[in-house]
Amino acid sequence: MKKILVANRGEIAIRVIRAAQELGHKAVAIYETPDTEALHVRVADEAIWLGDGPRKDYLDIAKVIKAARKSGADAIHPGYGFLAENPEFAKACENAGLVFIGPTSEVITNLGNKVIAREIMAAANIPMVPGTSNLSPGDEGLQEALAFASEYGYPIMLKATAGGGGRGIRRIDNDSQMREELPMARTEAKAAFDNDNVYLEKVVINPKHVEVQIIADSFGEVVHLGTRDCSIQRRNQKLVEIAPSLIQDQSIIESICETAVKAAQASNYTNAGTVEFLVDKDMKYYFMEINTRIQVEHTVTEMVTGIDIVRTQIKLAFGKKLLFKQEEVKIRGHAIEMRINAEDPKNNFMPEGGKTVDIYRSPGGYGVRLDGFVYQGYTIPEVYDSLLVKLTVHGYSWNETVDRLRRCLKNFVIIGPKTTIPFYLELVDDPDFQKGDFDTSYLEMHAHLLDYEEQNTEINKLAKLIAEIHYNEENTYAV
Amino acid sequence: MKRIVHGMHYKEALQILRQADGYYLTNTARDLSQSDFKNRILLHTDLLAAESRENANYFSLEITGGASVHVDILRKQVDPFLKLELLREKMPNTMFQTLCRGVNLFGYRPYPQNVIRFAVREFAKYVDVWRVFDFMNHVPNMQAVFEEVQLAEKILEPSICFSTGPEHSDEFYVGKVQEILAVTGEDIILCIKNHGGLGTPKRIGELVAAIKHKYPELVIHYHGHNTDGNDIGRITAAVLNGATIVDASDHAFTGYYGPPPLLSVIHTLKDYGKEAIDLNEDAVIESSEVLRNERDHYEYFESQFKGFSPTVQIHKLPGGAMGSSFEQAVKGRFLDKMPTILHDELPKVQIELGNWWSVTPGSQILWTTAVTNVLEKDRYGNPSGDLKNLLLGKYGPFPFYRPADWIYEKVFGTGWQNLLADEGGVEDIEDMDIDKERQVLADRLGHKPTEQQLVTYLQHPNDAVNFFKFEEEFGKVYVLPPSIFLRRGGYKLGESLMFKDHDGKEHVIEIGPKQKNEKSEWSIYLNVDHQERNYTFKEEAKEGAAAAGPQLSKKEIEDLAKAGDMRATYSCNVCEIVAKEDEEVAVGDKLAVVEAMKMQTPVVSQVAGTVVEIQAKVGDALKVGDKILKIITEVE
């Protein structure tokens, strides 16, 4: 039996704790003061307080390592976000003799640097969107940028080398914009990532975002678990994720998956990771990046493959061999995951921080999976993210899966904060979504989905009046 | 003979009425609700009785109009149009009847012509029989409604309001009938509106006979109240002398001030050889069997005083105002003064002001004046705005005589003659810009209103907006029975409340515990359709009233007014703020208009100066001493 410290909070902390406990290990949670009553603290075998936070203690490598030492943990699972893709953290674990459940710090360093990553991929003949290496500083860099633009044409993406997760990216449409925004992008990148390196990439117009889950042991075995489509995004943040990709041509899918395996091998990848691609209208695909962590949307892959990715991560990190071969991985049916957030979609997805979940009822039944952090009485934190629960549904056919998704969304009862559910209910009824016809321009082109009426059922309204009559001991609207 | 039903052409219906051998009954459920239950009988209850009332084959069901349109939105939280729609679904044949206050429509003061016509057009889509009256019996005040009802081809029922006294002769009333017929033509029903239940059976019999003598073909509908317990006598006399339709209601709900029981009327007249045409007695009994179980839930709204009031012949309060008068007396703590008010002051005021008809809005003027006269011990010293308007003839000419000069002098001061000459006479009310009002309402609601919503809004703007917002928040609450909607003292722990919603879906709400937490918040737990719900309420600071300090005395409020600090002198609602900030005002300028007990009164400046701050806004409910606005007097 081992002890695993989960260096995260939220639903992913619970996800890892569950896997650890199922394996017979002990799970150690860490928390900041605002998370004192959080669910991950309750379900862990032990919990260690880091500090008042917010966020800064979860990001404090020294404190997390100290907590691991204090609890006698053998390993650390970083989850996603916070320190998950910080190579310093993986390095610190390695130095402290703790097993870091993920790739090595060297891999994280290489793949976290967009430019190095592109060099590795180029060497392995992985198809990539035309782009530059880090632009030279000052005017020289601007001249390089303008030359690139005249060769490949606009639009062009200007990206921060140290950015990620949709941050530090801007679209440039002409020379004058390039002149204006290049220095701004540098200043911003410096402030946000403490690194002012930027580079350019040709824009692929309205691509699909297709990614491949890969998993690799330390003995050279790399297996992929098929594709996911995460095209439905809002400002580069994923909202809906499905597995597998709905691209009909299986030879393309196979080719993408093989390329992903090749990319993982080229980077000496170990443990679980995700290789992201853009696929254009002509089904040409381009390598984007490798995410060196467990993804939010890993659940859809688990549903269609039956493989517990987090469990596998832990086993591989402790030096086990992969127990399955590529040909044993079978994709069965379809899965869709939606992030039920405490946000008001009509108000620019503004988080509903500070509101309390008075009532929480979740759906159940066949093909339904919930990865939640919410409970009745939960107060939406103002200092962390607003994810309440991830709903993942699995079905035999795409249509069946969509029907199940709609049913589940309707079965939720969440009273207190506004949530993304009413918006998702519009989305599942959209004919393009039902046809599986979506790319990264989907939300832009379907802005009307946000025009839904705030739903309040007749019985909820009446019940509110009855509560008032009961409280006031008379109907103040009738006397 | 063919049955008179909804949808029949009004000329055909009138032809059947003229040839009737026997009489017809109108079930005045609305007037019963208004007179004996402060207008609170819910649509839910009327829907329960709908089937048997439909089967009873009444001439009509009086189910809307009077104050009910206002109370529908104000206290019952039901849309007055939806109410008629839902009743029509269950009652396809019965004609619906309304009571319309002429130029005052379903409100308490005159509306512009275009608003009246718009409202009548919208309601005429649901209402078959239009009883129309004016408290001064001033026919021009009813003309717009007459015309619109006739344009809509509905049955028009102009009323002569009835009262007693030397001026109230047959000759006078026959003359009024002539005046009405000259305007409407002969295809009408004439209503004798005996809203106080005044006079003896003999007197009513004579009056009906006198009208029938002059107009043998005229169909007469007698309407009375049972305040003195003798309306069946008057009804009997009316029918025996030629009235074709009479009013009564379901015995399970009859009280003291409204209509008498239908069955008693039927039995009495049967013995005189008069049959209630088409009437199904079993269905009349069945309605009361259905309704009987509901009456307990309305107990709170029944009169504080039980028993008939034969002294109505002295004070003449209309049946519809009896309950609310006693309620005001209890709330205003002047119950001990009621004998003086009712039996001495009110009759005196009545004679002094012209012995016209004590019915809305005139009855409120008489009542308020009498109460103020007694409580302030200064007769006519605190005139309401509506009394002033009455004296200036704004509601119409005095039918018999003008009040004495001393009353004018007391109310208006020595310059009253000039004032009367300058401002006297019926007020011409300018048409409203209805499109503009539609936009104002749309802005207040945040969406485009329906035409029906606009009609409701034009009559009672603030109450209508409050109702529409209530409905958005709480839904269609007519589905709740009185046992739920009117419950007092809270529900019992574990009690199950069952009802169907507007869409017909069945629901169960179980009452859970009520708990207070350390933050003084109350949690109410309900189990709604098997799902637990929690509702949190913040306890209102009880010390608020104490912190506000002792209530200002009348003298203090008057002194503050003389310093430019205008306060509410009594509990009232703000109807209008006339003054604007930074505006200069003179002594006597109208600053605002407030309303209490259905009476509007202007707030008049006591000082010359500049308005510096407006503290109240339209729609505010003010308590005694609450701030309205502040004027800084000019420093010389």
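Gly354(A) is exposed because 11 other C-beta atoms lie within 10 Å; a residue is exposed at 12 or fewer such atoms, buried at 20 or more and partly exposed in between, with C-beta atoms placed from the backbone. This is a predicted model, in which local features need pLDDT of at least 70 and side-chain atom pairs count only at pLDDT 80 or more, while totals for chains, interfaces and linings use all residues. Residues are numbered from 1 along each chain as its sequence is written, and chains are lettered from A and ligands numbered from 1 in the order in which they are written.

Gly354(A) sits in the loop between strand 18 (350-351) and strand 19 of chain A. Helices (H or I, at least four residues) and strands (E, at least two) are DSSP runs, numbered from the N terminus. Leaving out residues up to four places away in sequence, Gly354(A) touches Thr379(A), Ile380(A) and Glu382(A); contact is a C-beta to C-beta placement within 7 Å, the atoms being placed from the backbone.

Between the chains, 22 residues of chain A are in contact with 37 residues of chain B. Helix 16 of chain A gives the largest share of the chain A side, twelve residues. The elements below each supply at least two residues of that side.

| Element of chain A | Residues |
|---|---|
| Strand 19 | 359-361 |
| Strand 22 | 413-415 |
| Helix 16 | 458-472 |

In chain B, four strands form an open antiparallel sheet in the order 13-20-18-15; strands pair if DSSP finds at least two bridges between them. Strand 13 (565-567) and strand 15 (584-585) of chain B are the edges. Asp565(B) has Lys630(B) in strand 20 of chain B as its bridge partner.

Key
Two residues are in contact if their C-beta atoms, placed from the backbone, lie within 7 Å.
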